[in-house]
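Dear colleague,

The sequence and the coordinates come first, and my findings come after them.

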Amino acid sequence: MNLTIREALLAFRRAPLLSALSVTTIAFSLFVLGLFGLVAVNFQRALNEIAQRVEIVAYLLPGTPGETVTLALKDIEAFPEVQAANYVSEDSALARAKRELVEFRDQYRELENNPLPASIEVKLKPSFRDAAHVNVVADRLRGFGFVDDVHFGRDWVEKLDRLRQLAAAVGIVVGGAFAAVAIIIIGTTIRMAVLQRSREIAIMRLVGATDGFIRRPFLLQGTIKGLLGGLVAMGFSFGAYYLINRFLIQATFFTEVQALAIVGFGALIGLMGSLLSVGRHLKRV
Amino acid sequence: MIKFTNVFKAFPKGGLALKDVSFHIAKGEFAFLTGHSGAGKSTVLKLVFAEERPTSGEVRVSGFNVSDLPTRAIPMLRRRLGIVFQDFRLLEDRMAAENVAFALEVTGARRATIPARVMRVLTQVGLAAKAQAYPRELSGGEQQRVAIARALVNEPTVLLADEPTGNLDERATRGVFQLLRDINASGTAVVMATHDLDLVRQAPYRVIELQEGAVVFDSAVDEPRGQAAPTT
């Protein structure tokens, strides 16, 4: 193992320019990936904020007894999709309307009877805030005898869904493309390293080194390059975030776990690139 | 130790590199492989260290059957052999001692034992004083001694030498040949491919002569008690 590490590091000393070049190219492709990730993270955050408002309101028939409502609330809260269910009585509905819809305050004051129905407001758990689940829960609410009508913003829940799917699709395509580019680049640098050391490899074979032994330093070397590239890319991403946050719009950066995942992804594609390249080229040496 | 039985080897593009080659080299023996270039000497050696596989026939080398040896097992075979070439095949960016140590490192020898083992073989080949020299600072004969030291450091049972004196002047040739004889005297079998007939005549060793891929003379068979006297 000691020798593996020494040989892998020796490659950086023997071909500093080539190593720096490959780390830089990996860093840039991961940087693009990181920038895209930043956009995705912030977009996702915005979407989640919107999704938090996904709420289903079940309007109740007038005169529904309190105990029925209490029992129903328990039932509804037991739905696997449901995070919370709140009862809003006629009076509190009116009070809220007066508070929130200031421009109609005068009209409310003139009312003799409260026209607003009581309702149950249902909030879904984060992973269920999409059109399919909203519809299921709404249908189930309609099944209660005392429920007059069920409302939710069907249109924009569906739009939200489409937006999310689009973001995920673009993310997978762009992310995949840049990961592929990084793997090809690393594969090429490993290929050059293998060719550069073909004489040494031939001698290793001659004295009885196993293929695994010959391969290991190259794999480690690729992984280190990917790791360094990932770290540099993370540095660049942070710089970009800092500038955007300062001069353009307020944004969030990756969480520590996400940042580590990107650097780890760099190491992983380094390993993949060298795995794909080294076996193929060792055979030709 | 090394046993060829009816070995045929076809060239990839057609034609035969070896035709029905059979011989047996015993433990501790010294054997010359002679013949013109292209006669098949190198092919025989490549079959011994499993660089090539026989097209038909059987090649056995110290317990390994090269004919159907799994690729994974080739390194194990090579650890029992020492191999020396005409062009030395040293790593230019490493000192003599490092070149020798390399053979131990890549076969997973215990690190602590490496320096002592390296110095012992460098002493054996008479190069202890030049352990710190780079190949470019050494003469051809000295470089070949480093290569021999590298071949010996894993304590092989057979030393294969493919034209080991081909690039050397007469004096270096004599020195290297004497070294190979000393190595053989200490119990290691030596198979030396050469077309230097003067060298062959100097010593009473077995001679296997190849011509167009076939064994045309084997002193062990053709003149069991006599001295080597190849006709070409």
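The notes below go through confidence, the contact between the chains, and then the packing of helices.

Please keep in mind throughout that this is a predicted model. For chain A the mean pLDDT is 81, and 98% of the residues in that chain reach 70 or more. Among the elements of chain A, the lowest mean pLDDT, 70, belongs to helix H5 (residues 105-110), while the highest, 87, belongs to helix H9 (residues 211-247).

Turning to the two chains, the size of an interface is often given as the accessible area lost when the parts come together. Here chain A and chain B bury about 1,700 Å² between them, and 59% of that area lies on carbon and sulfur atoms. On the chain A side, A:Ile203, A:Leu206 and A:Val207 lose the most area to chain B, and together they account for 37% of what that side buries. The contact draws on 17 residues of chain A and 21 residues of chain B.

Next come the helices, where two packed helices are described by the angle between their axes and the distance between the axes. In chain A, helix H2 (residues 16-51) packs against H9(A) at an angle of about 45°, with the axes 7 Å apart. H2(A) passes H9(A) in a right-handed crossing. The residues that meet include A:Phe28, A:Phe31 and A:Leu35 from H2(A), and A:Gly229, A:Val232 and A:Phe236 from H9(A). By type, the residues of this contact between H2(A) and H9(A) divide into 14 nonpolar, seven polar and one charged.

H9(A) also packs with helix H8 (residues 198-206) of chain A, where the axes come within 10 Å and cross at roughly 150°. Because that angle is over 145 degrees, H8(A) counts as roughly antiparallel to H9(A). This crossing of H8(A) and H9(A) is right-handed. A:Ile201, A:Met204 and A:Arg205 of H8(A) meet A:Asp211, A:Phe213, A:Ile214 and A:Phe218 of H9(A), and these residues divide into five nonpolar, no polar and two charged.

In chain B, helix H5 (residues 140-152) and helix H6 (residues 170-185) pack at an angle of about 15°, with their axes 9 Å apart, which means that H5(B) is roughly parallel to H6(B). H5(B) passes H6(B) in a right-handed crossing. Among the residues making the contact are B:Ile148 and B:Leu152 of H5(B), together with B:Leu179 and B:Ile183 of H6(B).

With best wishes

Methods:
Residues are numbered from 1 along each chain as its sequence is written. Chains are lettered from A and ligands numbered from 1 in the order in which they are written. This is a predicted model: local features need pLDDT of at least 70, side-chain atom pairs count only at pLDDT 80 or more; totals for chains, interfaces and linings use all residues. Side-chain values use heavy atoms; hydrogens and water are left out. Axes are lines fitted to C-alpha atoms, for helices over the stretch in contact, and angles run from 0 to 180 degrees between N-to-C directions. Helices (H or I, at least four residues) and strands (E, at least two) are DSSP runs, numbered from the N terminus. Angles under 35 degrees count as roughly parallel, over 145 as roughly antiparallel, 65 to 115 as roughly perpendicular and the rest as oblique. A crossing is left-handed if the near helix is turned anticlockwise from the far one by less than a right angle, and right-handed if clockwise. Contact means heavy atoms within 4.5 Å. pLDDT is the predictor's confidence in each residue, from 0 to 100. Buried area is the accessible area (1.4 Å probe) that two parts lose on being put together, summed over both. Ala, Val, Leu, Ile, Met, Phe, Trp, Tyr, Cys and Pro count as nonpolar, Asp, Glu, Lys and Arg as charged, and the others, Gly among them, as polar.
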